[in-house]
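Please look over the sequence and the model before starting.

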Amino acid sequence: MIIIEDIHYSYASNIEALKGVSLTIKDGDFIAIMGQNGAGKTTFIKHFNGLLKPSSGTVRVNGVETTKTSVAALAKNVGFVFQNPDNQLFSETVEDEIAFALKNFGFDKETIEKRVTWALDFLSLTQYRKTSPFLLSGGERKRVALASVLAWDPETLVLDEPTIGQDHEQKEKLRQFITQLQTKNKTVVMVTHDVEFVAECNPRVILMRGGKIVADGIAKDILTNSKLLEESSIVLPQITQIFTKLSPLGLPTDIIDINEAELTILSKVKERQTQ
């Protein structure tokens, strides 16, 4: 569990990035943090594993205040994948990059080999095992950074813009993996601008604006509130836009994902056939 209580944070330039933010994240939660650039999203999640310490207020991870422990101590339980993978890649090969944290955490050689092989396969990186991560594309480097964290299986996974540079297949793999993590009661928090990905995943959505949380609720409620999204420079999911235009035909306007859309249309067709 991560408990954030009334935190403020100001950078050295005296820019106040967070203004009294409070949030409770329970074990097994899946949360998407959304908002326009400059809303404070990345600054906020960097408090979850002590990368940043609040100017005031408290952050507790499993009951421990982040100001009273180190990032290294928090890292094993809170895995963080940066928006820019180059901020966390440094090894000579992809294989070494994924194995690095596993070695630091004291895993035995056999376990390290199994976890590295699994992560490479899962994220379609096997062919790059002996390649320098810096010779890969931006999207591939992003997957290497993700693999290096997934390999040690942290209790909480924090992802900053995980879908940038990823194609539909990789996004679907990520969505399926997050679903698997939820069955294991893992906690997943992601910052994203990808409204379509959020709509398909259907997590709890935290909407930030101006360094504050302005909305907190289920995806269906947040992503179908056109006024709320417009104020945060976020567009409605495409399916929601379509169903909004079809509302004169008696279709609901709060549809956010493909499966729900299909079921709703089929139900409407059957209803008309019986009339």
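**Exercise 1.** Determine which helices each supply at least two residues of the lining of the largest cavity, and describe that lining by class.

*Solution.* Helix H5 (138–150) and helix H6 (168–183) each contribute at least two lining residues, helices being DSSP runs of H or I with at least four residues, numbered from the N terminus. The model is predicted, with local features needing pLDDT of at least 70 and side-chain atom pairs pLDDT 80 or more, while totals for chains, interfaces and linings use all residues. Residues are numbered from 1 along each chain as its sequence is written, and side-chain values use heavy atoms, without hydrogens and water.

Next, the lining includes Lys-142, Arg-143, Gln-170 and Lys-171, where a lining residue has an atom within 4 Å of a cavity point, on a 1 Å grid where a 1.4 Å probe fits but cannot get out. By class, the lining holds 6 nonpolar, 3 polar and 3 charged residues. The space in this cavity is about 110 Å³.

**Exercise 2.** Work out how the axes of helix H3 and helix H4 cross, and which residues make the contact.

*Solution.* The axes of H3 (residues 94–104) and H4 (residues 109–122) come within 10 Å and cross at roughly 130 degrees. The crossing is right-handed.

Finally, the contact (heavy atoms within 4.5 Å) involves, among others, Ile-98 and Leu-102 of H3 and Ile-112 and Val-116 of H4. The contact residues divide into 8 nonpolar, no polar and 4 charged.

Notes: Axes are lines fitted to C-alpha atoms, for helices over the stretch in contact, and angles run from 0 to 180 degrees between N-to-C directions. A crossing is left-handed if the near helix is turned anticlockwise from the far one by less than a right angle, and right-handed if clockwise. Ala, Val, Leu, Ile, Met, Phe, Trp, Tyr, Cys and Pro count as nonpolar, Asp, Glu, Lys and Arg as charged, and the others, Gly among them, as polar. On a 1 Å grid over the protein atoms alone, a cavity is a set of points where a 1.4 Å probe fits but cannot get out, and a pocket is an open set with protein on both sides within 12 Å along at least five of seven lines; lining residues have an atom within 4 Å of a point. Grid points are joined across faces, edges and corners, and a volume is the space filled by probe spheres set on the points.
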